[in-house]
Amino acid sequence: MPNLSFANQSSLVSINGVITPPEEATVSVFDRGFLYGDSVYEVTLTYDDTPFLLDAHLDRLWHSATSIGMDINWSREKIKEYIDTGLKEVRALTDSKRYYIRVIITRGAGEIGLDPTLSNGQNLFIIFKPLPEINPAYYKDGVDLVVTDVIRNPKMAMDPNVKSGNYLNNVMAIRAAKEKGAYDAVMLNEKGFVTESTSANIWIVLGDKIITPPIEAGLLGGITRKSLIRIGLENELKIKEQNFSPETLSSADEVFITSSTREVLPVTKINGELIANGAPGPITKKLHALYKEFVKESCKS
Ligand SMILES: Cc1ncc(COP(=O)(O)O)c(C=O)c1O
């Protein structure tokens, strides 16, 4: 029997609103998400049983879909309802306190061919699983990144600000980084400026300035990135969006990356060379503390 399924027993998948055990959660080989990466997706997580910043993630899902000419067949309310149901059911399977939620909408199955009108209708998959714990040593010691030759796709090709199922260049980048024993890769754009890592936004600290590349550099507008820019400004920190080179990255006082699941993760080595003294810096720690406070406050409201 071919191995079609991946049975993580503590996960569940909602397929077009039907809760499906992991071993039965399969997709047609004629689905365009499988054939062409013709899909959009979002990842969020729960804090205190609630999906975090779900509206912001759904906004971005709609933005991604619109950008690829996909008119989502489900209402936001319906997707929220499916998420609620799935969360209730997955909680009954495990005693995990935190969950990972991935919402994927594919353009659906149909006769093979690139033309999107060949689709018979979209498919909505929502994956629920316990949130994997991030190695605490990563926060204590920082992680190492390498600058890869694989560039982030140019905005005019497939805009990186669309969270689509088409992540193959990022896959190639992280593959190159893993071959070098690094945690992840830093991807540049076609002009040689830093964009982001393969699945997180990147930031540097120069003196008291906190800098992250602008979305125009060709990167995904991270929801954590957006929150942190706002939190930083509210706390009168000098945050700006500005292009920088890989040389500036390597000689920064501090480097960190941000994403929903990792929050604020210090980077202490680039291309095998230490960043400053090789320990997570004070501004990175401060921003992470502020972000945690923001999470706590958001969960209260
Ligand atoms: C390419 C890329 N950049 C940045 C991020 C971080 O985005 P967010 O903060 O919304 O999780 C992600 C998230 O998965 C990503 O895939």
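The structure is a predicted model, in which local features require pLDDT of at least 70 and side-chain atom pairs count only at pLDDT 80 or more, while totals for chains, interfaces and linings use all residues. Residues are numbered from 1 along each chain as its sequence is written, and side-chain values use heavy atoms, with hydrogens and water left out.

The ligand is surrounded by 17 residues, a residue being counted as near if one of its heavy atoms lies within 4 Å of the molecule. The closest are Tyr167, Glu196, Ile223, Thr224 and Ser260. By class, this shell comprises four nonpolar, nine polar and four charged residues; Ala, Val, Leu, Ile, Met, Phe, Trp, Tyr, Cys and Pro count as nonpolar, Asp, Glu, Lys and Arg as charged, and the others, Gly among them, as polar.

An N or O atom in the side chain of threonine 224 is 2.6 Å from a ligand oxygen. For lysine 163, the distance from a polar side-chain atom to an oxygen of the ligand is 2.8 Å, and for the side chain of arginine 60 the corresponding N or O atom is 2.9 Å from a ligand oxygen. Taken alone, the ligand exposes 390 Å², of which the protein buries 95%; accessible areas come from the Shrake-Rupley method with a 1.4 Å probe.

Two elements, α6 (223–234) and β13 (254–259), each give two or more residues to the shell around the ligand. Helices (H or I, at least four residues) and strands (E, at least two) are DSSP runs numbered from the N terminus.

Elsewhere in the description, an open sheet of six strands has the order β2-β1-β6-β5-β3-β4, with antiparallel pairing; two strands pair if DSSP finds at least two bridges between them. Its edge strands, β2 (18–20) and β4 (50–51), each pair on one side only. Strands of a sheet pair through backbone hydrogen bonds, either parallel or antiparallel.

Strand β6 (residues 123–130) pairs with β1 (residues 12–15) over four antiparallel bridges, and valine 13 has isoleucine 127 of β6 as its bridge partner. Strand β5 (residues 99–106) is joined to β6 by eight bridges, again antiparallel, with valine 103 opposite isoleucine 126 in β6. Strand β3 (residues 39–47) pairs with β4 over two antiparallel bridges, and tyrosine 47 stands opposite threonine 50 in β4.

Notes
Polar contact = N/O pair within 3.5 Å; in protein donor to acceptor, adjacent residues only side chain to side chain.
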